[in-house]
Amino acid sequence: MGLLDDAKRVAAEFEYPAEDVNIGVKEFMRQMDEGLQETGKSLNQIPTYVTSVPNGTEKGVYLAVDLGGTNFRVCSIKLNGDTTFSLTQSKIAIPREMMVAKTSKELFSFLAKQIESFLRTHHNDHFEEHQRRRQKGEEMTDEHFFQLGFTFSFPVHQIGINKGHLIRWTKGFDIADAIGKDVCHLLQSEIDDLHLPVKVAALVNDTVGTLMARSYTSPGKTGTLLGAIFGTGTNGAYVEKLEKVIKLNKMGAGGDFDKSTGNMIVNTEWGSFDNEMSVLPNTPYDISLDQESNNPGIQMFEKRVSGMFLGEILRRVILDMIRDGKTELFRDESSGTNDIHSTCTIADDSPLYKQWGIDTSFLSIAHEDQSAGHHITRQALNRDLGVDAASSEDAEAIKVLVEAIGKRSARLSAVAIGAVIISTGNLTLTAGDAVADGEKEVLEEEVVDIGVDGSLVEFYPGFEEYIREALREIEGIGERGEKRIRIGIAKDGSGVGAALIALVAGGREGSR
């Protein structure tokens, strides 16, 4: 059996046929319903207390801050009321000592001072006017304050639109006395101590922000149904009927929220879909990746879909193929068998031998490579993976493997998208659809709008088309339904999206 045949045999292990896609959709919908009724299920289905999405006519200036890792970002967003906006921002590195401070006050005081510095630099007139009003003892209303959306990318138990208790720190932060405290209150207290004209209006998840940002900037009158991230990680947030969020009554929800829309945006946390592995595809490479990860048995959907893991899956496939001479990959008996007349070698310190050694960008390069003899892939093998003098057949085999891994990721992504669309009833077929499937022009009011963000969906070659191919195969969507689905890039959920959530939280006009 030749090398290409070996590669195709391994690639076949990643096939995810239409039958399995449909089984996956049905199970995803079942787990969605389960998560809406009770906490602690595979799909968390977290209520966000955001009950409407913008329609692009909103105006005003709003603030957003983003604490997501080693940087703290402060933004002001001017909404122009015509689906456009302008953004001003600053980014500050968080000193290591603040990440492990003795008290939460130290960190949140530091954050509030960065907001003060931003206001003095970019909104000094408003800042000075507020100080004058305060010193004169004048009464101040909400109109005198900036509404702020706080993107806080750590596990929290959210009990209101601007109330959430920290469950645990991640990403190198470790401040014990913050655990269990309301992070919005911690920030607001420090803002108030500095007498800043700022109200923390909303606690924001960046996936929810993606949905909001897309709904503001999307064309037409249709509100966006789903915001989805397909990048380093994967997640989705969508508009659900409030009456279906049954567990709200059991959660001890804090604070008022607008029930008049009859909707609530739900953060699915779908990376953990089917942790039980009842329907997800499985290969030996998936199994070993999971066993050697820092969270075995958790985030099983994400480990098959997101960019963080696709390179690692490929690395494990390659290692298996080159182990003990199992296949001819990267093996030349002599230089005469290699089209560049040089024997292929793998460096001893090659990233192939290190966990997480292959970045997903390598998969994009190999997938897209149309160069003669796969020259570009061979360069990348040498530059990025320490594989010298790979043959054109080696590179072609890699391309076969890459396409299989990337395609499975996209088809799994379609399971999540398709399940949300069907579950929410947004593709209810009309009589016209039934008789003119695939023929009839899609009307604006028939469009189901989806906002997406992340490196996979934005940069991975053919990722959206693979998603669409699978959507066409889903019962209840089909070719006609897939044509009604509009997928658009939504940038900056933690900035623009957070500002829009602050707007909605303040009960402003214009949201749909």
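This is a predicted model: local features need pLDDT of at least 70, side-chain atom pairs count only at pLDDT 80 or more; totals for chains, interfaces and linings use all residues.

Trainee: Why is Asn267 called buried?

Mentor: Asn267 has a relative accessible area of 4%, and since buried means under 20%, Asn267 is counted as buried. Asn267 is placed in strand S11, which covers residues 263-267, and, leaving aside residues up to four places away in sequence, Asn267 touches Gln45, Ile46, Thr48, Asn205, Val208, Asn235, Gly236 and Ala237.

Trainee: What makes the pairing of the side chains of Asn267 and Glu269 a polar contact?

Mentor: The distance given for the two side chains is 2.9 Å, and a polar contact requires a pair of N or O atoms within 3.5 Å, one able to donate a hydrogen and the other to accept it; the side chains of Asn267 and Glu269 are therefore listed as making such a contact.

Trainee: How do you know whether Lys221 is buried or exposed?

Mentor: The relative accessibility of Lys221 is 77%, and because exposed means over 50%, Lys221 counts as exposed. Lys221 lies in the loop between helix H7 (206-217) and strand S9 (224-230), and although Lys221 and Asn55 are 166 residues apart in sequence, their C-alpha atoms are 7.0 Å apart in space.

Trainee: Why are H4 and H6 called oblique to each other?

Mentor: H4 and H6 pack at an angle of about 60°, with their axes 8 Å apart. Roughly parallel needs an angle under 35 degrees and roughly perpendicular one of 65 to 115, so H4 and H6 are oblique to each other. The contact of H4 with H6 divides into 8 nonpolar, 2 polar and 3 charged residues, and H4 passes H6 in a right-handed crossing.

Trainee: Which residues of helix H6 are buried, and what do they pack against?

Mentor: In H6, residues 183-193, the buried residues are Val183, Cys184, Leu186, Leu187, Gln188, Glu190 and Ile191. They pack against strand S2 (59-67), helix H4 (104-122), strand S5 (146-152), strand S7 (163-166) and strand S8 (198-204). At the start of H6, a side-chain oxygen of Asp182 comes to within 3.0 Å of the backbone nitrogen of Cys184, while H6 is followed by His195, with a positive phi near 55°.

Trainee: What makes H10 oblique to H13?

Mentor: Helix H10 (residues 307-322) and helix H13 (residues 392-423) pack at an angle of about 140°, with their axes 10 Å apart. Since roughly antiparallel requires an angle over 145 degrees and roughly perpendicular ends at 115, H10 is oblique to H13. Their crossing is right-handed, and the contact of H10 with H13 has 10 nonpolar, 1 polar and 1 charged residues. Among the residues of H10 that take part are Leu310, Ile313 and Leu314, and those of H13 include Ile398, Arg408 and Ser409.

Technical notes
Residues are numbered from 1 along each chain as its sequence is written. Side-chain values use heavy atoms; hydrogens and water are left out. Axes are lines fitted to C-alpha atoms, for helices over the stretch in contact, and angles run from 0 to 180 degrees between N-to-C directions. Helices (H or I, at least four residues) and strands (E, at least two) are DSSP runs, numbered from the N terminus. A crossing is left-handed if the near helix is turned anticlockwise from the far one by less than a right angle, and right-handed if clockwise. Contact means heavy atoms within 4.5 Å. Ala, Val, Leu, Ile, Met, Phe, Trp, Tyr, Cys and Pro count as nonpolar, Asp, Glu, Lys and Arg as charged, and the others, Gly among them, as polar. Buried means under 20% relative accessible area, exposed over 50%, partly exposed in between (1.4 Å probe, protein chains only).
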